[in-house]
Amino acid sequence: MSLYKNQKCPVCQEVFADGDDIVVCPECGTPHHRECYKTLGHCANADKHGTGFEFEAEEMSEEKAEDGEPSSAFRPFIMPEAQTTVCEKCGREIEKGSAFCTYCGERQESPAFLSAYSAVNSKAFQEDSGIDGYSATELSSAIVVNTNKFITKFRKNKKISWNWSAFIFGPYYFFYRKMMKYGLLALVINFIVSLVLNGVFAKQLSAYNAVVSSEQYKELFTNGFANSELMAQFSAEPAVEALMPVMLVFALCTLALRVVFALFADGLYRKHVLKMIDTVNKQLEEDMAEDMPMIPQLQFRQNQKSEPLSKKQLKILLLNQRGGTSVFLPLAAFFALQFIMSVITGY
C-alpha cells in the first residue's frame, strides 16, 4: 500500500485507502481497485499501451488525499455530483469543464474549451456529435472498442465499405462483435459452401485420404516429412496431384466469402448498434422491470443497498453489457463448426 499512498484509482478517481484490494496492470503498472478493474474489463490506460507509457505516482499532500470523495459500494457507477459530467466519447465521468477526458483523452465540448479554441476547432466539435439522433455517448458505450473509427464510418452510412478484421477472421468477426444473428448467417453460408465443395469433390478427397492413411506413407507423416525420397513419391501420386486444383477451388471460394464479409461488415454492424440502442432506450422507458435484476452490477448494488443510478448511467451500463466485444463467442463458434463438419464429413 505504501507504493500507492495518496494515489487515485484511474477508474473511480478515489484515493486508495488502507485495506483496499489493489491490482496493477502488468503492462504499464497502473494500479486499480480490483472491483473497478473487473468492471472496466481492462486497464484504464489501455489506449496508451504500446507507446512506452508507464505509470508514475503523483505527488499529493495528505490534506488533498483526505478530501477525496467517500467510497461507494460500487465505485464505477456512483451517482454523479454537480462537479462531474460524462465524456461524449467513452461515457465515463470526468470533471465538469475539463478540456480533455482523463480516461480516453478525447477533447470535450465545454465552455472553457470552446473559448480557448474558438472557431478553429468548431468543425471537430460538430464531428464529435452523434448520428441520426443517436448521441456519441450512446454509440461509444455500445461500440466500446475502436469507437472513433466506427463512429466515423457510421456517419458516412455506406452499405459497402472495407473491414480488414472481417476479411481476415471471416464469420468469427461477427461473433467477436456480438452480432449473433449475422455471425450465424455467415457460418451457415460457410457451412453450405463447404458441404457443396465436399460433395462435388468427394471422389478426389476420398482418394487422397486413402493414400494418406495407407501403410506405405505412414512413416512420412509420423516422422514429419523427414524422408525426402518418400515425400517425392507421395507428391507424385495421382490422387495427390488431383487434389491440388481442388484445394485451389476451396481457397478461391473461401477468399470470395471473406471479401463479401469484409464489404458488408461495417454496414451490418451499424445496423446492429443502432438497433441495440433503440432496444435499450425502449427498456428504459418501460422501466426494465424484468431485465434490470439480470445484470450482475445492478444486482450487486441492490444487495449493497446503494443509491440508484441515473437513467443515463443505466443506459451506459446496459449498452456496455450488450455491446463491445467477446473473445469467447468466436472461439465457441469455431469449435462448434469444426465438430459439426467432422461429424458430417467423417474427416
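These legends describe close-up views of a predicted model.

View 1. Helix 5 spans residues 136–143. Eight of its eight residues are buried, so the helix is largely enclosed by the rest of the structure. Among them are Ala136, Thr137, Leu139 and Ile143. Valine 144 follows helix 5. The phi of valine 144 is positive, near 70 degrees.

View 2. Lysine 315 and glutamate 138 meet through their side chains in a salt bridge, at 2.7 Å from N to O. Lysine 315 lies in helix 15 (residues 311–322) and glutamate 138 in helix 5, so the pair ties together parts 177 residues apart in sequence. Glutamate 138 has 8% relative accessibility and counts as buried. A search of the whole structure finds four salt bridges.

**View 3. Arginine 270 and aspartate 132.** These two residues form a salt bridge, with their closest N and O atoms 2.6 Å apart. Arginine 270 sits in helix 13, and aspartate 132 in the loop between helix 4 (122–128) and helix 5. The partners are 138 residues apart. Arginine 270 counts as buried, at 11% relative accessibility. Aspartate 132 counts as exposed, at 55%.

**View 4. Aspartate 266 and lysine 153.** Here a salt bridge brings the closest N and O atoms to 2.8 Å. Aspartate 266 belongs to helix 13 and lysine 153 to helix 6 (residues 147–156), 113 residues apart. Aspartate 266 is buried, with a relative accessible area of 4%. Lysine 153 is partly exposed, at 24%.

**View 5. The second largest pocket.** This pocket holds about 330 Å³ of space. Its lining has 15 residues. Asn190, Ser194, Thr254, Leu337 and Gln338 lie nearest the centre. Helix 9 (180–200), helix 13 (238–285) and helix 16 (328–345) each supply at least two lining residues. The lining divides into 10 nonpolar residues, four polar and one charged.

**View 6. A nonpolar patch on the surface.** Leu195, Phe339, Ile340, Val343 and Ile344 make up this patch. Together they have about 470 Å² of accessible area. Helix 16 gives the largest share, four residues. Valine 343 is found in helix 16. At 56% relative accessibility, valine 343 counts as exposed.

**View 7. Histidine 49 in its loop.** Histidine 49 is in the loop between helix 1 (34–40) and helix 2 (62–66). This residue is partly exposed, with a relative accessible area of 22%. The C-alpha atoms of histidine 49 and glutamate 27 are separated by 7.2 Å. Along the chain, the two are 22 residues apart.

How values were computed:
Residues are numbered from 1 along each chain as its sequence is written. This is a predicted model: local features need pLDDT of at least 70, side-chain atom pairs count only at pLDDT 80 or more; totals for chains, interfaces and linings use all residues. Side-chain values use heavy atoms; hydrogens and water are left out. On a 1 Å grid over the protein atoms alone, a cavity is a set of points where a 1.4 Å probe fits but cannot get out, and a pocket is an open set with protein on both sides within 12 Å along at least five of seven lines; lining residues have an atom within 4 Å of a point. Grid points are joined across faces, edges and corners, and a volume is the space filled by probe spheres set on the points. Ala, Val, Leu, Ile, Met, Phe, Trp, Tyr, Cys and Pro count as nonpolar, Asp, Glu, Lys and Arg as charged, and the others, Gly among them, as polar. Buried means under 20% relative accessible area, exposed over 50%, partly exposed in between (1.4 Å probe, protein chains only). Patches are made of residues with over 30% relative accessible area and no salt bridge: like charges are joined within 9 Å, nonpolar side chains (Val, Leu, Ile, Met, Phe, Trp, Tyr) within 5 Å. Accessible areas come from the Shrake-Rupley method with a 1.4 Å probe; for residues, only the protein chains shown count as cover.
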